[in-house]
Amino acid sequence: MAGKGGEAISDQVLIEKIKAGNDHAFRLLVEKHRDYLFRSIYSVLKDQKEAEDATQEVFIKIYTSLPKYENQGFKTWITRIAINHAIDMRRKKQRRKEEMAEELESHIGGSQTDDVELEVLRRERQRLVQKRLEEVPANYRDVIYGFYIQEKSYQEMAAEQNVQVKTIETKLYRARLWIKTHWKEEEFL
């Protein structure tokens with residue numbers, strides 16, 4: 001217990017000397033708490049270089065905030081400053097990552113307007129195919145609808161219709177031939 005009380009008195013003595021303008025006392029305070037604050041900050045940032053930089057920044061904050069310190073538990077006070085600073089750094093880093101990702105996305109992916117236009121065209125084409133599907137002979141209609149509209153595999157359709165996969169392949173092949181001879185491609189472009 002005496003060791004702990006001695007530590008608290010020691011911090012208090014150093015703080016008073018620092019407030020009186022003793023820079024050497026601040027160096028002693030830094031040396032005393034540097035490893036502890038580094039570990040606290042590192043636990044938030046998980047990056048050694050960033051934690052080292054943040055620890056230095058935290059000691060500057062502690063130094064400038066010492067006049068406001070009111071003997072409310074020094075270690076708790078500096079830990080709160082350190083953790084809050086580390087959390088702020090992590091948020092800024094995350095924000096930068098998100099901004100960079102958005103910027104990269106806008107350069108690579110084109111604009112959202114392009115995506116919307118493509119989706120509208122795709123849906124319009126799909127709507128036209130569904131409408132024209134009624135013209136296709138009934139025995140081909142189910143495989144075209146299943147394969148192109150519902151995007152089912154040959155195996156799924158064969159299982160649903162209780163037929164062999166080869167039967168589905170044949171029906172789809174014949175349905176495509178029928179479409180090629182009866183529909184004009186430009187109607188769907």
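The model is predicted, with local features requiring pLDDT of at least 70 and side-chain atom pairs counted only at pLDDT 80 or more, while totals for chains, interfaces and linings use all residues. Residues are numbered from 1 along each chain as its sequence is written, and side-chain values use heavy atoms, without hydrogens and water.

Helix H6 (residues 138-149) packs against helix H8 (residues 165-182) at an angle of about 100°, the axes being 9 Å apart. The two helices are therefore roughly perpendicular (65 to 115 degrees).

The whole structure contains 7 salt bridges (a side-chain nitrogen of Lys or Arg within 4 Å of a carboxyl oxygen of Asp or Glu). One of them joins aspartate 142 and lysine 171, at 3.8 Å from N to O. This pair links H6 to H8 across 29 residues. Aspartate 142 is partly exposed at 33% relative accessibility, as is lysine 171 at 22% (buried means under 20% relative accessible area, exposed over 50%, partly exposed in between, with a 1.4 Å probe and protein chains only).

Glutamate 50 in helix H3 (residues 48-65) and lysine 93 in helix H4 (residues 74-108) are 43 residues apart; their side chains form a salt bridge of 3.2 Å, N to O. In the salt bridge between glutamate 160 and lysine 152, the N to O distance is 2.8 Å. Glutamate 160 is exposed, at 53%, whereas lysine 152 is buried, at 18%.

Technical notes:
Axes fitted to C-alpha atoms, helices over the stretch in contact; angles between N-to-C directions. Helix = DSSP H or I, 4+ residues; strand = E, 2+ residues; numbered from the N terminus. Parallel < 35°, antiparallel > 145°, perpendicular 65-115°, else oblique.
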